[in-house]
Amino acid sequence: MELRSVEELMDLLYACRGVRETPEGPAHGVDLHDHALQTAALLRRSRPADKELQLTGLVHPIGHLLRPTDPVGRAERAADAVRPLLGPRVSHLLRLHPWLGAPADDDLNRLRQADEDGLSAGFDAGVLEDWRTVLELVADRNSRLGAVD
């Protein structure tokens, strides 16, 4: 599956609402929709100018929907799905994010820390619609850069 529009991605992110991941987390699990918003908000605080990193935090849970029974393949599937829309950097970060053995640069360290902190964050991270403009900006920039390649 490849996501070709911000609307398709927004629908997938909305579908995360009410989906809980429990194997690695607390017994009651974490709502993937809320977790996505909190991870992205934490990254916005630490790297306000880095929209691609923020969006990586926002979209990282979609692998749970794309490969619900395959924890190992989730990162790959999510990375492949968003690459046409959000570009190679977001795809690369998604692909490496859960692989703890992968060499970690500052971006990956921040993403992993925000992901972990987002599991227990207790703040209002806003709503998904708040991210539509950022998604559209990054998708538009990626489509223009892709057209030049």
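Begin by selecting residues 74–86, which form helix α5. This helix has 13 residues and reaches 17 Å from its first C-alpha to its last, close to the 18 Å expected at 1.5 Å a residue. Please bear in mind that the model is predicted.

Within α5, next select Arg74, Ala75, Ala78, Ala79, Ala81, Val82, Leu85 and Leu86; these residues are buried. In an α-helix there are 3.6 residues a turn, so residues three or four places apart point the same way.

Move on to Gly87, the residue that follows α5. The phi angle of Gly87 is positive, near 95°.

Return now to Arg74 and display its side chain. With which side chain does that of Arg74 make a polar contact? The partner is the side chain of His64, at 2.9 Å. Select His64 in turn: it is found in helix α4, which covers residues 62–66. Is His64 buried or exposed? His64 is buried because its relative accessible area is 18%, and buried means under 20%.

Finally, select the whole protein chain. The chain contains eight helices and two strands, and from the N terminus on its elements run α-β-β-α-α-α-α-α-α-α. Of its 149 residues, 48% count as buried. Among contacts between residues at least 6 apart in sequence, 62% join residues at least 24 apart.

Key: Residues numbered from 1 in each chain as written. Predicted model: local features only at pLDDT ≥ 70, side-chain atom pairs only at ≥ 80, totals over all residues. Heavy atoms only, no water. Helix = DSSP H or I, 4+ residues; strand = E, 2+ residues; numbered from the N terminus. Buried < 20%, exposed > 50% of the residue type's maximum accessible area, 1.4 Å probe, protein only. Polar contact = N/O pair within 3.5 Å; in protein donor to acceptor, adjacent residues only side chain to side chain. Contact = heavy atoms within 4.5 Å. Expected span 1.5 Å × (residues − 1).
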